[in-house]
Amino acid sequence: MSTRLEKPIFEYSVPGRCAEDQWPRDPGAAATEDLPASLRRTGRPLLPEVSELETVRHFTRLSQLNFSIDTHFYPLGSCTMKYNPKACNSLAMLPQFLARHPLSPESAGQGFLACLYELQEMLKAVTGMQAVALSPMAGAQGEFAGVAMIRAYHRARGDLERNEIIVPEAAHGTNPATATMCGCVVREVPVDPEGDVDLEALKAVVGPKTAGIMLTNPSTLGVFERRIEEVARTVHAAGGLLYYDGANLNAILGKVRPGDMGFDVIHVNLHKTFSTPHGGGGPGAGPVGVSARLAPFLPVPLVGRRGEQYVWLTERDLPQSIGRLSGFMGNAGVLLRAYIYMRMLGREGMGKVSEYATLNANYLLARLQRAGFDAAYPNRRATHELIITLKRQAKELGVTTMDFAKRLLDHGMHAPTTYFPLLVPECLLIEPTETESKAALDAFVAAMAEILAEAAQEPERVTGAPHTMPVRRLDDVRAAKHLDLTWKPTASHATPTTPATPASP
Amino acid sequence: MAFIPHTREDVESMLAAIGVERIEQLFDEIPANLRLAGLSGVPEAANEMEIGRIMAERARLDGRPLCFIGAGAYEHHIPAAVWAIATRGEFYSAYTPYQAEASQGTLQLLYEYQTMMASLTGLEVSNASLYDGASAMGEACLMAVRANRRSHSRRILVPTTVHPHYRATARAVAGNQGLVFEELPYCAEQGCIGADALERYDGQDVTALVIQQPNFFGRLEDVDALCDWAHARNILVVAVVNPTSLALLKPPGQWGSKGADVAVGEGQPLGVPLSSGGPYFGFMAARMEHVRQMPGRIVGRTLDAAGRAGFTLTLQAREQHIRRAKATSNICTNQGLLVTAATIYLSLMGPGGLERVAAASHARTRELVDALIGVPGVRPLFRGPVFHEAAVALDRPAAPVLEKLAARGILGGFDLTEHYPELGPALLVCATETKTTADIERYASALAECLREARAA
């Protein structure tokens, strides 16, 4: 990682400089003379005028200001930052896959469609659901599809009053936000001191208005919901359906399936469990799986099979579908990467993933407890992730979770998820994933122990962290108060103001 | 296997540290009756060489036909540097920049992207991306409902000249919140929104008008008049635009006397491969007065503890992880890697290069249309200017003709019949700068042959 800041690319811009070798040939002014003057642009957009080398250097330098899985331990809880195998990328970027137009006929896509069809089948197998749709473009869109299907199901039965979605208080923020987007009302239920859903509270909340419940299992508290069957019975008995948020599927892959626990609909985050890249904030993919009764409502398109041919299934095949969630076929290239990864894992590899993810998390928990940290749920097994609470340290030493997180950056480690779930004060949600070695985990424990010792002896080193990053701690309040969301030219910088005419420099 | 680095010794010492004998014991909180016996639905593992063979064969099946389909996804030249840099591990394998100090690269890139998109659309502020153009239109309609405090109807006027998949997606994304999408007919002769279609909404409570420019048929709408008509009635304007076209066409921020309120669109033309439909990215820009109603991530520049400039996610009180049920959207993960590619693409193109791409694509489409209407049985469908895409009518049903063309290795365009049966047999065709005169001639002569065969049959 570099600590040298890089100036905005606009400050490299010089009028008349360009990367013309990358441009098409100039078709001449006559080529666009048919465009009416009243509909034409009059001033040029603020894009930099730079050479190819300047562009390459600028963005390469920017990349060097990032932590990433390829360069750093990245134990961001709930995000499953596992290694992204290089083959998954290079094989998904074979030229025929990249060049294929989304509206190409099925005859010019049997290879691509075969991959998607088999991906649907594999996802059915690992989740225990009856049908899968691949088009949702991220976990949150998968959630949307799931809750929209639950609504559509109730409506189709003439059960119009069911508009309440139950979520545990520790749920991801996307769960209640999704319920709102689906026109539902959110009802929260508490969890008990051991991290399981409070069954009595749940029984008090369910009723004739219950559309469904959204659950993550293992939960956001890093523990398995032990009474899941009773939760399912309670919600089903009240006429509601169960939605499974697949954020934590990595913990149970090949061990237990949401379909067998009683869930009616799930989404899977391919960018978590199935190792497609996180890309600095996406793209993800959030395929949904459903039980038989929800299958008619799946979002389109799906991939079907007629004889030896793979075909698209659309609204014509699923007239009750909740519809289309993207212009074409979701994040198709992400789906290919997940397909390749799943084929490489194979039957046996699926279970290995959850075993070693769980081994790593429980090992980290044991070591951290021995190093003087408090588990949020000391009587429970960790799943693929664990929560420690720094409440005691914050009180005794005046050093917060945020300070620990920032100081970890100085140790060359990305911070775990901080202050989530909101239920646990001063918490760190730590997810090492199965692709990290024991040595990487030992180094993390050593760093945490060192920060703890430092917090006692020299707390200002911790509260003032980070010290070795390209920038010190950033002022978020100022960022929101004095909005600076775009670069603006000053007198010393060239501004592209020349008129929009196709000119050859 | 499974990219797991543990040796047997590692596992033994880790189990000892935990205080269990076998890994299986770590799953002892899962009820035994729920435990899975096996995964028969998943094939045996394939190693890297084996999966390489499988994928190469699948790619061969897809082939590389000569493609004249546009309809919302456009084949442009992508400079080699774009994906060489975007797939660097530091961009590819990072996540949302939650720890700003360790993510300045991604954050600064997003700030540069926001600057470029705001300027390209002629608006003041851009977010850091949405999923794709179609879902972005749905989000823009929801945003318009929040932003237009003078309207209580949740009625959105959507001309049928807007991409049919976008209309379907917006209904699916926004329909559950009670938005009512009313479709406006188009003028059969012009292929544009007809002035008479709007008249009946005079004096009614309408929240927003969606305008796609160029529209789905490639035709140019009278955006100034439409925008002014809407604003005179307190109706917000949602623009759906092709980013390449904005190098030559008037940006939404300058439509009419006030400019559009929100602009969205498909970012794919900016350095993203066609890739069967995704991953692409949706862009969204807006007037500053609406910034707090925007969905998705936004990056701001601020100062660090030492007073130096740095970048961070901002206005997060709009988002689901803070506001939960009251958030502007449920979106969390967006399309960061595609934005990375687009920002590199726009830097390499600059204002001059983007104009070249737009002009060259337009020139090729004009050449294509001229060649096709020279074929007996083909005529232009609408009168008036287009941008880099056009509709043509055939004298024989389109689907069988397209099949015959595909058998010759040519994808001859998008069949308009399914979504616009009233047009009769018609194709939407597109050529970009990637097509040569020889490609266009090959298509025209193959089309002549296919139509001849169709007439003979």
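Author: Chain B splits into domain 1 (66-76 + 351-456) and domain 2 (80-344), with bounds that come from an automatic or database domain assignment. This is a predicted model, so local features need pLDDT of at least 70 and side-chain atom pairs count only at pLDDT 80 or more, while totals for chains, interfaces and linings use all residues. Residues are numbered from 1 along each chain as its sequence is written, and chains are lettered from A and ligands numbered from 1 in the order in which they are written.

The C-alpha centres of the two domains of chain B are 28 Å apart. Where they meet, 24 residues of domain 1 are in contact with 23 of domain 2 (contact: C-beta atoms, placed from the backbone, within 7 Å). On the domain 1 side, α11 (336-373) and β12 (390-394) of chain B each supply at least two residues, and α11(B) gives the largest share, six. Helices (H or I, at least four residues) and strands (E, at least two) are DSSP runs, numbered from the N terminus.

Now the sheet: seven strands of chain B form an open one, ordered β2-β8-β7-β6-β5-β3-β4 with mixed pairing (a pair needs at least two DSSP bridges). β2 (125-126) and β4 (180-184) of chain B are at the edges with a single partner strand each, so one side of each has no neighbour in the sheet.

Note on methods. Two residues are in contact if their C-beta atoms, placed from the backbone, lie within 7 Å.
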